[in-house]
Every structure is written in structure tokens, then in C-alpha cells.
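Trainee: I'd like a close look at one spot in this model. Could you walk me through it and then zoom out a bit?

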Amino acid sequence: MDILGTSLRVCVKDLDAAIAVYERLTGAEALRFQRGGVSVAAVGCFFLMSGPEAELSILRKVTATIAVKDVDDAVADLKAVGADIIAGPLPTPIGRNLVARHPDGSVFEYVDRQQGQAA
């Protein structure tokens with residue numbers, strides 16, 4: 001699998017205040033979007049998330065988001081090392097994603113930008 005980058009997940013109470021801090025630290029402008037009932041801002045290598053605790057408690061279980069060239073390649077490699085695919089692959093507005101539990105118990109989201117492909 002080709003890993004293109006990693007984004008760290010940060011749950012915050014005040015998204016606007018956090019955006020100002022992370023924009024200053026990274027020099028990047030926030031890209032805002034919704035994921036269910038959670039407001040998300042992508043700022044540099046950070047995903048800032050704010051919303052209902054019930055939803056954030058689930059999102060906190062995912063250590064990081066890993067960008068890959070192709071989710072299908074990631075599935076093959078993850079299965080080869082004994083990881084469990086616990087969600088996906090599923091289409092997203094910009095590509096596809098999946099959530100996998102590695103053999104050590106760590107949980108990661110893998111995403112690609114393969115627009116127009118069925119999962």
C-alpha cells in the first residue's frame with residue numbers, strides 16, 4: 001500500500017477557537033465539513049472535531065486517518081498482516097474510506113481519493 005500522509009484527530013469543545021490556533025501553528029487555512037452530527041475542520045495535518053459527545057466518543061477510538069493511494073490495496077495489505085476491516089470500504093464525498101483494527105488493537109481510518117469508483 002502506498003501511504004501518502006497521516007492526519008491526527010483532535011476532539012475540541014470550541015471548534016472556532018481551535019481553528020484559529022491550528023491555522024496559526026500550521027500556516028494552513030481550515031477546510032470545514034460535517035461528518036454526521038460532528039463539525040470537522042481539516043487544518044494542515046490535523047482533523048479538528050467538535051460535536052455531541054456520543055459521536056465524539058466513537059471517533060476518539062480511531063487513532064489517526066491515513067491517506068493511501070488506493071483503499072483496495074490497503075485492504076489486501078491489512079488482511080495480509082491480520083488486521084480486521086471493521087467498516088468499509090465506503091464511498092465518501094472525495095473518495096473512499098475504511099476503518100481497520102490492526103493486530104495490536106490500534107484502530108485507523110484509511111482514505112483515498114478514488115472518485116467515481118464503487119466501493
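Trainee: Leaving aside its neighbours within four places in sequence, which residues is Glu109 in contact with?

Mentor: Keep in mind that this is a predicted model. Once you skip the neighbours within four places in sequence, Glu109 is in contact with Arg9, Arg35, Val62, Ala64, Thr65, Ile66, Asn97, Leu98 and Val99. Glu109 itself lies in strand E8, which covers residues 107-112. With a relative accessible area of 3%, Glu109 falls under the 20% cut-off, so it counts as buried.

Follow Arg35 and you get to a hairpin. The bridge partner of Arg35 in E3 is Val38. Strands E2 (residues 31-35) and E3 (residues 38-43) pair in the antiparallel sense, with five bridges. Two residues sit between the strands of this hairpin, and Gly36 takes a positive phi near 65° there.

Elsewhere, have a look at strand E6 (residues 84-92), where Pro89 lies. The peptide bond from Gly88 to Pro89 is cis, with omega near 0°.

Now zoom out. The protein has three helices and eight strands, running β-α-β-β-β-α-β-α-β-β-β from the N terminus on. Buried residues make up 36% of the 119. Of the contacts with a separation of 6 or more, 46% are between residues 24 or more positions apart.

Conventions: Residues are numbered from 1 along each chain as its sequence is written. This is a predicted model: local features need pLDDT of at least 70, side-chain atom pairs count only at pLDDT 80 or more; totals for chains, interfaces and linings use all residues. Side-chain values use heavy atoms; hydrogens and water are left out. Helices (H or I, at least four residues) and strands (E, at least two) are DSSP runs, numbered from the N terminus. Buried means under 20% relative accessible area, exposed over 50%, partly exposed in between (1.4 Å probe, protein chains only). Contact means heavy atoms within 4.5 Å. Two strands pair if DSSP finds at least two bridges between them.
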